[in-house]
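Welcome, and take your time with this one. Have a look at the sequence and the model below, and then we will walk through them together.

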Amino acid sequence: MKTRAAVLRETKQEWSVEEIELDAPGPGEVLVEMHASGMCHSDEHVVTGDLPFELPVIGGHEGAGVVLEVGAGVTNVAPGDHVVFGFVPSCGTCPSCSTGHQNLCDLGQYLAVGLQVSDQTARHHSAAGEDLRLMCLIGTFSEHTVVNQASCIKIENDIPLDVACLLGCGVVTGWGSAVYAGEVGPGDSVAVIGIGGIGANAVQGAKLAGAKHVIAIDPVEFKREKAMELGATHTFASMEEAMVEVTDLTYGRMCNQVLMTMGEGKGDLMAGALGLTGKLGKVVVTNLHAAEEVNATMSLLDMTLMEKKIVGSLFGSANPRADIPRLIDLWRNGQIDLEGLVTKRYTLDQVNEGYVDMRSGKNIRGVLVMNS
Ligand SMILES: NC(=O)c1ccc[n+]([C@@H]2O[C@H](COP(=O)([O-])OP(=O)(O)OC[C@H]3O[C@@H](n4cnc5c(N)ncnc54)[C@H](O)[C@@H]3O)[C@@H](O)[C@H]2O)c1
Ligand SMILES: [Zn+2]
Ligand SMILES: [Zn+2]
């Protein structure tokens, strides 16, 4: 069938919205009519080349839609089902999935390749016949896509898909960075560095886990205001600015968790993050650093003497098949906000405009809403 998608052919170029040819789903695969896709910063890392994914690629990894057709052997979804895609697939049977680490599913090894996990071929092709790869194996900047059932998580049909899409990355990643990777507990002091789609949800996670102080740090005033609406207790424009006041607030004990959720991680900011962290505290590195960056500046003596920890976190260290339904329940119960995360909606043709707005700090999340 013919459909439309936003394709990146070369790094540092704009997304090209074009008509593409989509094959029928093969065994274990699912054809989905896309309704909405969040515009996460990770796609921007593919554009800059910081995330070396294979090109040409259909962008987008935070999507929701409706199943139109399933291939042979598909058991977890059926036509008419509403689905959110996990940006890491979960097979359910590999050593990671079967020990409660679906975010680290072994199928994740194919994320940067972007071909179907079943046979390493493409279902998506340009009008000229070239194979198109899929960002995170899903390619949600599209009106239709074909993905493996391992990427599909069924949700109830009454949840608006233009907010449900955020559960495919930002909500789970941010919330889990606080709750799972950070292990925030009642009374903790938590700093969240960078308030985009990820940091906003780290704020929500820290608040819900019972943090006493939720300190949101972002140079953009609108982001700081939004953070207060989502549960932050204090805001600052930079880590340096936060240092003195956090020292006062915590009687010098500093933060139990410092959650790094800036647009682009920088190794030379790690010293500042460790400085905000107290004894036995954790720095959670969720933001992506450029692949070629191999140096970080920090005092390892400080780390040892204060027993500080630095941990990475992918997809909120969560189990999307359990945590997406859990977060929907929390939303239904009024305990987390989803609607308030969407600053602006765009058409698929406006994808580049959406990223201009993300770069200039205008959006907590911009969401593409498809016309199909
Ligand atoms: N680990 C994962 O599983 C995972 C998943 C999704 C996204 N990410 C990454 O998380 C990061 C955040 O993504 P996003 O979509 O929320 O980005 P975003 O661009 O929407 O938001 C980033 C925010 O960081 C702020 N910022 C930039 N420099 C800062 C600094 N020095 N101090 C404080 N704030 C600063 C910006 O003003 C902006 O508000 C990106 O690197 C993204 O690729 C990681
Ligand atoms: Zn993302
Ligand atoms: Zn698995």
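The paragraphs that follow go from the whole chain to its domains, sheets, ligand surroundings and a few local details.

Please keep in mind as you look around that this is a predicted model. Taken as a whole, the protein chain holds 10 helices and 18 strands. Its radius of gyration is 20 Å, close to the 21 Å that the globule rule gives for 372 residues, so the chain is as compact as a globular protein of that length.

How is the protein chain divided into domains? Domain 1 is made of residues 2-168 + 337-369, while domain 2 covers residues 174-313. Between the C-alpha centres of domain 1 and domain 2 there are 29 Å. Where the two touch, 15 residues of domain 1 and 15 residues of domain 2 take part in the contact. On the domain 1 side, the most is given by helix 1 (residues 41-48), with 3 residues. That side of domain 1 is made up of 6 nonpolar, 6 polar and 3 charged residues.

A barrel is closed by 5 strands in the order 1-2-7-8-4, and their pairing is mixed. Strand 1 (residues 2-8) pairs with strand 4 (residues 57-58) in the antiparallel sense, over 2 bridges. Within this pair, Leu8 stands opposite Val57 of strand 4. Strand 3 (residues 29-38) and strand 5 (residues 63-70) run antiparallel and are joined by 7 bridges, with Glu33 partnered by Val66 in strand 5. Strand 5 is also joined to strand 6 (residues 82-85) by 3 bridges, again in an antiparallel arrangement; here Ala64 has Val84 as its bridge partner in strand 6.

In which order do the 6 strands of the open sheet stand? The order is 13-12-11-14-15-16, and the pairing is parallel. Strand 13 (234-236) and strand 16 (309-312) are at the edges with a single partner strand each, so one side of each has no neighbour in the sheet. From one strand to the next, the twist averages 20°. Inside this sheet, strand 11 (residues 189-193) and strand 14 (residues 255-260) run parallel and share 4 bridges. Ile193, for example, has Met260 in strand 14 as its bridge partner.

Helix 3 (residues 170-181) lies across strand 11, strand 14, strand 15 (277-285) and strand 16, and runs at about 150° to strand 14. Helix 4 also packs on the sheet, where it touches strand 11, strand 12 (213-217) and strand 14. The direction of helix 4 makes about 170° with that of strand 11.

With both domains in mind, turn to ligand 1. Which residues are closest to ligand 1? They are His41, Gly194, Gly196, Ile198 and Gly263, out of 30 residues that surround the ligand. Domain 1 and domain 2 each bring at least three residues to this shell. By class, the shell around ligand 1 has 13 nonpolar, 14 polar and 3 charged residues.

Finally, here are two backbone details to look for. Most residues other than glycine have a negative phi, and most peptide bonds are trans. Leu55 and Pro56 are joined by a cis peptide bond, with omega about -5°. You can find Pro56 in the loop between helix 1 and strand 4. Cys136 has a positive phi of about 55°, although it is not a glycine. Look for Cys136 in the loop between strand 8 (131-134) and strand 9 (144-148).

Methods. Residues are numbered from 1 along each chain as its sequence is written. Chains are lettered from A and ligands numbered from 1 in the order in which they are written. This is a predicted model: local features need pLDDT of at least 70, side-chain atom pairs count only at pLDDT 80 or more; totals for chains, interfaces and linings use all residues. Domain bounds come from an automatic or database domain assignment. Two residues are in contact if their C-beta atoms, placed from the backbone, lie within 7 Å. Ala, Val, Leu, Ile, Met, Phe, Trp, Tyr, Cys and Pro count as nonpolar, Asp, Glu, Lys and Arg as charged, and the others, Gly among them, as polar. A residue is near a molecule or strand if its C-beta atom, placed from the backbone, lies within 6 Å of it. Two strands pair if DSSP finds at least two bridges between them. Axes are lines fitted to C-alpha atoms, for helices over the stretch in contact, and angles run from 0 to 180 degrees between N-to-C directions. The radius of gyration is taken over C-alpha atoms; the globule rule is 2.2 Å times the number of residues to the power 0.38.
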